[in-house]
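Let us walk through this structure step by step. Keep the sequence and the 3D view side by side as you read.

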Amino acid sequence: MSANDTQNAWDQFLKYVKGHCSAAAFGNWLAPIKVLESTAEEITLEVPNVFVKEYLLSNYKKELKLFFPVTTTGEPQIEFVVVAPEKKSAAIPTPTVDHHPVQQNAQSHEVKLNENYRFETFIEGPTNMFVKSAAIGVATRPGQSYNLLFIHGGVGLGKTHILHSIGHYVKDHHKKLRVQCITTEAFINDLVDSLRNKSVDKMKRFYRSDVDVLLVDDIQFLQNRLNFEEEFCHTFETLINQKKQIVITSDKPPSQLKLSERLIARMEWGLVAHVGMPDLETRVAILQHKAQQKGLEIPNNVAFFIAEHIYNNVRQLEGAVNRLCAHCKLLDLNITEELVEKTLREMMQQAPNKKISVEQILKSVATVFQVRVNDLKGSTRTKDIALPRQVAMYLAYKMINESLQMLGASFGKTHSTILHACKTIEKKVATNEILRRQIGMVERNIAA
Ligand code: ADP
Ligand code: MG
């Protein structure tokens with residue numbers, strides 16, 4: 001290709017895209033791109049911001065490869081230059097290679113607080129007491145007690161409930177403070193949207209000076225969205241410097257999030273609080289509370305029966321109450337264990353109360369892989385021992401509801417060894433059918 005050809009290729013590409021996308025999309029995303037240089041081998045494009053580059057690569061990579069030469073790794077041979085920094089506003093993220101598609105449907109950033117998610121309706125027990133009191137501390141003295149507050153825990157354990165409770169409390173008790181609750185996904189969409197509408201400055205001004213309490217739900221969705229991290233980081237730093245309160249929820253602790261060190265450090269400076277699965281008594285209390293809200297009386301023995309069978313997600317407990325409620329009202333039945341069993345069969349998990357131990361897993365792994373338990377506990381690194389040992393760690397993480405640290409301690413290893421084992425085994429089972437079957441045997445063995 002000559003330099004002229006490359007320029008022609010770009011013109012043709014634009015013509016092609018124009019025929020395949022809306023006029024608005026073309027105007028917003030393609031029209032601002034300029035050809036800076038075209039040589040025989042490569043074309044250099046000037047883009048107003050890194051999102052335009054993202055948009056182009058995530059939506060038209062296949063076509064770009066048809067119109068332009070490709071590199072040895074199969075990428076279109078295009079160099080991108082983001083316009084001079086002074087033309088950019090301060091915190092527009094720096095260019096990095098990130099080909100995640102940018103969602104185009106803008107959402108309004110604010111999340112309406114759920115009316116039912118209040119401190120009064122959050123039932124407390126040993127596994128969530130700490131989170132609740134930290135949240136109350138923050139809500140009573142925003143920006144003064146812990147900044148920031150980072151809440152993490154598994155799905156359906158009440159993180160969003162706590163987050164919204166803080167929002168309600170502040171709104172009710174500190175009427176002058178401005179509360180903004182957002183999901184990470186909506187914030188990203190909003191940012192993309194305001195970039196398109198050239199209103200980024202307005203959006204930044206809003207987040208950095210018109211908010212006193214920022215509640216951010218599900219920060220894990222920021223992972224692998226490198227270009228947006230910086231914007232988050234700037235917003236957080238600006239707010240914290242002004243003593244504004246930030247609360248973040250996540251399904252993992254900061255150290256396990258795939259985010260920049262700077263952002264992780266920022267989150268770890270605050271108070272990190274874990275919310276765990278409520279114990280049996282708390283589950284019964286939650287169940288009774290939810291039932292009462294629906295005007296349903298559940299006998300205590302039945303409540304215990306349900307709570308013994310549904311033990312790793314409060315949302316499921318709630319689902320059980322809803323289902324029971326519908327059933328009883330429709331058929332005008334009394335609630336009994338038999339009825340519960342019949343109605344909730346598929347929701348019920350096997351093996352209530354049966355707590356699996358690391359020892360059990362080691363024994364079962366040793367049997368299936370024909371090695372000795374003591375060898376698994378030792379530190380021999382030969383392959384025939386190291387692999388079953390990793391399987392045991394992987395299964396312990398999968399089957400036992402304990403933190404990585406605790407599991408690490410049971411194996412006499414660090415949490416990162418457990419994490420590494422999990423990743424290794426997950427990768428291996430994807431391609432190794434025999435290993436997959438062996439692991440299945442171990443699991444069935446333990447369950448039996
Ligand atoms: P997460 O955000 O952690 O996935 P949610 O906050 O959405 O979980 O909680 C799921 C459901 O369980 C919600 O309806 C919430 O009200 C309820 N829930 C969770 N924990 C509790 C609790 N301790 N007391 C009362 N309800 C709870
Ligand atoms: Mg949630």
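**A guided walk through the model**

Gln390 is buried, because its relative accessible area is 17% and the cut-off for buried is under 20%. This is a predicted model. Gln390 sits in helix 16, which covers residues 383–399. Leaving aside residues up to four places away in sequence, Gln390 touches His420, Ala421, Thr424 and Ile425.

Two of these partners lead onward. Ala421 belongs to a second, separate nonpolar core of 29 residues, which also includes Leu376, Tyr394 and Cys422. Ile425 takes part in the contact between helix 18 and helix 19.

Look at that helix pair next. Helix 18 spans residues 415–431, and helix 19 spans residues 433–447. Their axes come within 6 Å and cross at roughly 115°. Helix 18 brings Ile425, Lys428, Val429 and Thr431 to the contact. Helix 19 brings Glu433, Leu435, Arg436 and Ile439. Sorted by class, the contact has 4 nonpolar, 1 polar and 3 charged residues.

Now step back to the overall layout. The protein is divided into four parts: domain 1 (3–82), domain 2 (119–274), domain 3 (280–349) and domain 4 (358–447). The C-alpha centres of domain 1 and domain 3 lie 57 Å apart.

Where does the largest nonpolar core draw its residues from? First, its make-up. The largest core has 56 residues. Trp10, Phe13, Leu30 and Leu56 are those with the most contacts inside it. Helix 3 gives the largest share of this core, 9 residues. The core draws at least three residues from each of domain 1 and domain 2. In soluble globular proteins, nonpolar side chains tend to be buried together.

Beyond residues up to four places away in sequence, Trp10 touches Ile33, Val35, Ile43, Leu45, Leu56, Leu64 and Phe68. Trp10 is also part of an aromatic cluster. Ring pairs link Trp10 with Phe13, Tyr16, Tyr60, Phe67 and Phe68.

How many aromatic pairs are there? The count comes to 11. Take Tyr16 and Phe67 as one example. Their ring centres are 5.9 Å apart and their planes stand at 50°, so this pair is tilted. Tyr16 lies in helix 1 (residues 3–18), and Phe67 lies in helix 3 (residues 50–67). The pair therefore ties together parts that are 51 residues apart in sequence. Is Tyr16 buried, exposed or partly exposed? Tyr16 counts as partly exposed, because its relative accessibility is 29%.

Two charged residues complete the walk. One is Arg266, found in helix 9 (residues 261–269). Arg266 is buried, with a relative accessible area of 12%. Arg266 touches Leu148, Glu237 and Ile240, not counting residues up to four places away in sequence.

The other is Glu337, which has its place in helix 13 (residues 337–344). Glu337 counts as partly exposed, since its relative accessibility is 30%. With residues up to four places away in sequence left out, Glu337 touches Asn301, Val302 and Phe305. Asp212 lies elsewhere: Glu337 and Asp212 are 125 residues apart in sequence and 49 Å apart in space, C-alpha to C-alpha.

Methods. Residues numbered from 1 in each chain as written. Chains lettered and ligands numbered in written order. Predicted model: local features only at pLDDT ≥ 70, side-chain atom pairs only at ≥ 80, totals over all residues. Heavy atoms only, no water. Domains from an automatic or database assignment. Phe/Tyr/Trp six-rings, centres within 6.5 Å; stacked < 30°, edge-to-face > 60°. Helix = DSSP H or I, 4+ residues; strand = E, 2+ residues; numbered from the N terminus. Buried < 20%, exposed > 50% of the residue type's maximum accessible area, 1.4 Å probe, protein only. Core = buried A, V, L, I, M, F, W, Y, C linked by side-chain atoms within 4.5 Å. Contact = heavy atoms within 4.5 Å. Axes fitted to C-alpha atoms, helices over the stretch in contact; angles between N-to-C directions.
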